[in-house]
Amino acid sequence: MSIDLKTVKHISKLARISINDEKANKLKGDLNNIFEFIEKLNELNTDNVQALTSIAETTLRFRKDEIKSENIREKILKNSPDENKDFFVVPKVVE
Amino acid sequence: MSDITSQSLFELTSNIKEKKLSSEEITKAFINRAEKSRKLNVYVTDNFEKAIDQSKKFDSNPNLDFKLPGIPIAVKDLFCTNGVRTTAGSKILNNFVPTYESTVTQNLWSQGAILLGKLNCDEFAMGSSNETSFFGNVQNPVGENLVPGGSSGGSSAAVAANLTPVTIGTDTGGSIRQPASFTGTVGLKPTYGSCSRYGIVAFASSLDQAGPMTKNVRDCSMLLEVISSFDQKDSTSIDYKRNYYSKELSKDIKGKKIGIPKEYRVDNMPDEIEQLWKNGISYAKDCGAEIIDISLPHTNYALPTYYIVAPAEASSNLARYDGVKYGFRSPGQNLIEMYEKTRSEGFGDEVKRRIMIGTYVLSSGYYDAYYLKAQKVRQLIKKDFDDAFSKVDAILTPSTPSSAFKIGEKTNDPVSMYLNDIFTVPINLAGLPGISIPAGKDKNNYPLGLQVIGKPFDEQNILNISYALEDKINFKNDISDWWLSE
C-alpha cells in the first residue's frame, strides 16, 4: 500500500494543517517509509485478540459534580491571543 | 566538602539538614554554573531571580522536615508551572504562561523544593535527540556536538552537567530512559498511573508518565517518593499504597529472579552493548540473583505498534492547539484558514508528521486496519510481559541499541530515529516501570545504560536491583566541563 499526494493533502485538511506542494511531497515520502515499517503488524494474526484500550485495568472513578474554582474568568482569558473584555475573539463565523 | 554542584541530592539535603550549607548558597552555586553553561542550551526559561528570593525565604525559617528542604530543581518544560512560561519546546506555546501548577511539580514545592527553571525538550516530547525543539538542540555534556537523547534532553544534560541536583522528565516511549543512558545518568519511568499526569502537556495519554532523572539510584528513590501520588485530578491515577522508596532501598537482591529476554539481542547491536549486558548479568549473579532466560516473542512488533498508538493519541490531544484560547495564532480570513495557518506555522516538522500519521490511522476506512490492529498487538505485547513475570521478578536489558550520536546524524530519516527506542517502547505499551542506570562506556568513551524492568507497582524492586548493580558497576562519568565560559 502506498500513500499518494492526494491522500496527503486530504489528511492535512482533516488535521487542519495547511501544507504547500513541496512539503506535501516530502511528507509523502516520510509517511510511506513509516507505513512500510508499520505494515509489519500484518504478519500477526489477531483475529481472536481483544483490543487493549486501557492499561490501567480499572473502571473510571465517579466524583461529585461540584464547582471547585470560581471567578476564574480572568485566568482563563489571560493567555488569549486576542481578547475583547470577557470574550475570546475569532474571525467572523456567521455572516 | 566537594563542590556544591557536583553533590548528590542525598548529600545536599544532608548538608542543609546539618546546617552546613544554606539553600541560598546551593541555589546561587547552580545559577552561577548555569550562567557559564549557556552553550549547552539546556534552559528554555530560567527562574533564577525568583529562585534566589525563595531560597532566602527558606533560610529565614527553614523547615528541615521537608524531603527536599530548600533544594533548587529545574524541570522539563512539559510541566505546567503557575506563572512561569511553559512551552513544551514548541512555537505554538511560546508565550503560554499557565495559571495552574502540575501535580508532580506541586509535589516538589510542597516538600520544600525551589524552581530553578524550565528545561529544553523535543517539541511536545516527540523526538529522541532533542533536535525537534523550537528552542534549538541541546549539547550533551559528555562530548561536543553529541545529542543528549530525547525527549527529556535538556533534563538529562542538566543533571549530567551539574546544572540541577536532580530533575523530572516525562517518558512516553523512552524519553526519560534513553537520554539518561546517553548522558551517564539514572532515569526511571514509573508504572502507568503512579505519577499524576495533571498539568503535563499531553502527548499520548495512555503512555505518558513523569519520572525522576538523577545522578544515582538513591537520589532516584528519594525523588520518586516525592512525585508519586494519587491524584483526583487525573482520572487514570491509581490509588495504592506507595512505598518509602528511599527508606526501603536495599542492595540485598539475593534470590531475586532476573529474566534475560533473548529477543533484545537485535541485529547490528554493537559488541560493546552485548558485553555490557553480559557484565550486568554477571554482576547480578554476584549479588545472589538467579538468572533466567525468558522470551518476549512480540518485541519486534512494539515499535510499529507504538507508531500507530502514540501518533493517534497525539493527533487527538494536539487538536486543542487552534489559536483560539491560548498559544500562538496566525491570522486568517476565516476561522478555518486561521486554524490551518496557526497549526502550519506553530508546529514543527516532526509534530506535523506525527499528527498526520495519527489523523490517517484514525480516519474513516483505516481505523480497523491500523488503530484497532495496533491495540490488539498491544494486548499481545502486554501478555508477553504477564507471562514473563509469572517466572521472574524483574527483567534486565540494554537501555538503547547505541550510545549518543552526533547532532544532525539522524534528522533526515525518521525511521532510523525511531529505532532508538526499540528497547524502551515495549515497557510503555505494557504500562510497566523501567529504570536506566549507567553501566559502562563504548570505545568513544560515551556512556551506555542498562534497563531494569519491573512488575506493575514494583518500583521498589527495580530500584533495589539497580542499587545493587550500581555498586558493582561503579560507573564514573568523567565530564571535562568543555563548554564552560567565563
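Guide: Two residues are in contact if their C-beta atoms, placed from the backbone, lie within 7 Å. Angles run from 0 to 180 degrees between N-to-C directions. Please note also that this is a predicted model.

Visitor: What makes helix 15 of chain B lie across strands, and at what angle does it run to strand 10?

Guide: Helix 15 of chain B, residues 459–473, lies across strand 9, strand 10 (434–441) and strand 11 of chain B. Its direction is at about 10° to that of strand 10 of chain B.

Visitor: In what order do the eight strands of the open sheet in chain B stand, and what is the pairing called?

Guide: The order is 4-6-5-10-11-9-7-8, and the pairing is mixed. Strand 4 (167–171) and strand 8 (290–294) of chain B are at the edges; each has a single partner strand, so one side of each is left without a neighbour in the sheet. On average, neighbouring strands of this sheet are turned by 30° against each other, direction ignored.

Visitor: Which residues have the most contacts inside the largest nonpolar core?

Guide: They are B:Ile73, B:Ile227, B:Tyr307, B:Ile308 and B:Ala394, in a core of 146 residues. Helix 9 of chain B (residues 302–317) gives the most to this core, with nine residues. Leaving aside residues up to four places away in sequence, B:Tyr307 touches A:Ile34, A:Ile38, B:Ile357 and B:Tyr418.

Visitor: How many residues of chain A are in contact with chain B, and which helix of chain A gives the most?

Guide: On chain A 41 residues are in contact with 54 residues of chain B. Helix 2 of chain A gives the most to the side that touches chain B, with seven residues. That side of chain A divides into 23 nonpolar, ten polar and eight charged residues.

Visitor: How does the radius of gyration of chain A stand against that of a compact globule?

Guide: Chain A has 23 Å, whereas a compact globule of 95 residues would have a radius of gyration near 12 Å. The C-alpha atoms of chain A fill a box of roughly 55 × 45 × 25 Å along the principal axes, and buried residues make up 15% of the 95 residues in chain A.

Conventions. Residues numbered from 1 in each chain as written. Chains lettered and ligands numbered in written order. Predicted model: local features only at pLDDT ≥ 70, side-chain atom pairs only at ≥ 80, totals over all residues. Core = buried A, V, L, I, M, F, W, Y, C linked by C-beta atoms within 7 Å. Buried ≥ 20, exposed ≤ 12 C-beta atoms within 10 Å, placed from the backbone. Helix = DSSP H or I, 4+ residues; strand = E, 2+ residues; numbered from the N terminus. Nonpolar A, V, L, I, M, F, W, Y, C, P; charged D, E, K, R; others polar. Pairing = 2+ DSSP bridges. Rg over C-alpha atoms; globule rule 2.2 N^0.38 Å.
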